[in-house]
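Please read each point with the model in view.

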Amino acid sequence: MKKNILLLLSVMVLAQGLTSCSSDEMEAQSVISVTTYVPNEFDLWLEENFRNPYNIDFKYRYEEIESDLNYYTVPASYEESVKMAHLVKYLCVETYNEVAGIEFTRSQFPKMFFLIGEWEYRNNGSFILGTAEGGRKILLSGMTYLNPILAGLSGYNDFPFEFGTDIAENLNHYYIKTIHHEFTHILNQTKDYPTAFRQVTPSSYVSDSQFSAPYNTAYLKRGFISAYAQTNTTEDFAEMVSEYVTHSPEWWEDQMKAADTKWEDDPDQTQTGRVLIEQKLDITRDYMYSTWSIDLDELRECILRRQADIINGKIDLTDLTINGTK
């Protein structure tokens, strides 16, 4: 209310100033307009499920000030924003409630989510799935593709790149893993990860070349759990957490088998990729437990169980019921 009063006063002062101007000065007048909206049922649902319990502002309406103007961006659709809000709540926010307690979630989870329709495309052929800013905000992009991914891409051929057919893997790779990745950045900004992690593969990071040959295929043998992990130590640590907790033990072991060799192009690499990744995992596990009281295996079990609920249709991603009523 105070903000509205101040704005009204500003407009009144401007109006008074304009009435005292000469006719020549009046030629440069500006028009001031204020855009407001009446809360809809989704806004009320967000209030009940994000703002009230966690003080999280979940923004789905496009706001230029929240966007990165270095990229072409478009608004997220209402329908897909509703579904993403349910996914964030069930697969992310509530998993930390279950594993670390609601007070941890309230104090550490980002206070703003901002959705946009497209991914942010970069000049090196990659694109940005999400970002964490200042330890408080997570931007999630690519909402345009959420419905087709949830539908198994059936009858949809307008993707800018190839997708697999595994709904859970696509959902994880393009959205859910991104949230856990960005939340790890926020935790690291609050309490830094150990220096020992930086020393496991100190000279093997390749910055923006991570998606170029040979690094885009040799990352496991080089001691990295993903191609993107080769960017720098900060991204490497966040990838270790997010890839581990969003994939099954069987998937992880398949990656370790593929990493169980040395990279032939680096004669100075004395350990296999598997040894290097497992060293990083040990450090990551210890940091998450000793610093935040989070058991990564317990977190993974919780996420996978809830993920199965989503895939099996046990959770209605469109339900905006509040206290039994809409």
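How are α9 and α12 oriented to each other? The points below take up this question and then others; the model is a predicted one.

1. Helices α9 and α12. The axes of these two helices lie 8 Å apart and form an angle of about 50°. An angle of this kind is neither roughly parallel nor roughly perpendicular, and α9 and α12 are therefore oblique to each other. On the side of α9, the contact involves V241, Y244 and V245, and these meet L296, D297, L299, R300 and I303 of α12. Sorted by class, this contact has 6 nonpolar and 2 charged residues, with no polar ones.

2. Helices α9 and α11. Helix α9 covers residues 233–245 and helix α11 covers residues 273–292; they pack at an angle of about 85°, and their axes are 10 Å apart. This angle makes α9 roughly perpendicular to α11. From α9, the residues in contact are D236, F237, M240, V241 and Y244, while α11 supplies I277, K280, L281, T284, R285, Y287 and M288. The classes here are 8 nonpolar, 1 polar and 3 charged residues. The reader may note that V241 and Y244 belong to this contact and also to the contact of α9 with α12.

3. Helices α3 and α12. Helix α3 (residues 78–100) packs against helix α12 (residues 296–311) at an angle of about 150°, with 10 Å between the axes. Because angles over 145 degrees count as roughly antiparallel, α3 and α12 are described as roughly antiparallel to each other. Their crossing is right-handed. In α3 the contact residues are L87, Y90, L91, E94, T95, Y96, E98 and V99, and in α12 they are E298, L299, C302, I303, R305, R306, Q307, D309 and I310. This contact divides into 9 nonpolar, 2 polar and 6 charged residues.

4. Cysteines. How many disulfides does the model contain? The count comes to 0. C92 is buried, its relative accessible area being 0%. C302 is likewise buried, with a relative accessible area of 1%; C302 is also one of the α12 residues that meet α3.

5. The loop between α7 and α8. Two details deserve attention here. P214 is located in this loop, which runs between α7 (195–198) and α8 (215–222), and the peptide bond from A213 to P214 is cis, with omega near 0°. S207 is placed in the loop between α7 and α8 as well. Although S207 is not a glycine, its phi is positive, near 55°. With a relative accessible area of 40%, S207 is partly exposed.

6. The phi of S293 is positive, about 60°, in a residue that is not a glycine.

7. The protein as a whole. The secondary structure consists of 12 helices and 6 strands. The protein has 326 residues, of which 46% count as buried. Among contacts with a separation of 6 or more, 70% are between residues 24 or more positions apart.

Conventions:
Residues are numbered from 1 along each chain as its sequence is written. This is a predicted model: local features need pLDDT of at least 70, side-chain atom pairs count only at pLDDT 80 or more; totals for chains, interfaces and linings use all residues. Side-chain values use heavy atoms; hydrogens and water are left out. A disulfide is a pair of cysteine sulfur atoms within 2.5 Å. Buried means under 20% relative accessible area, exposed over 50%, partly exposed in between (1.4 Å probe, protein chains only). Axes are lines fitted to C-alpha atoms, for helices over the stretch in contact, and angles run from 0 to 180 degrees between N-to-C directions. Helices (H or I, at least four residues) and strands (E, at least two) are DSSP runs, numbered from the N terminus. Angles under 35 degrees count as roughly parallel, over 145 as roughly antiparallel, 65 to 115 as roughly perpendicular and the rest as oblique. Contact means heavy atoms within 4.5 Å. Ala, Val, Leu, Ile, Met, Phe, Trp, Tyr, Cys and Pro count as nonpolar, Asp, Glu, Lys and Arg as charged, and the others, Gly among them, as polar. A crossing is left-handed if the near helix is turned anticlockwise from the far one by less than a right angle, and right-handed if clockwise.
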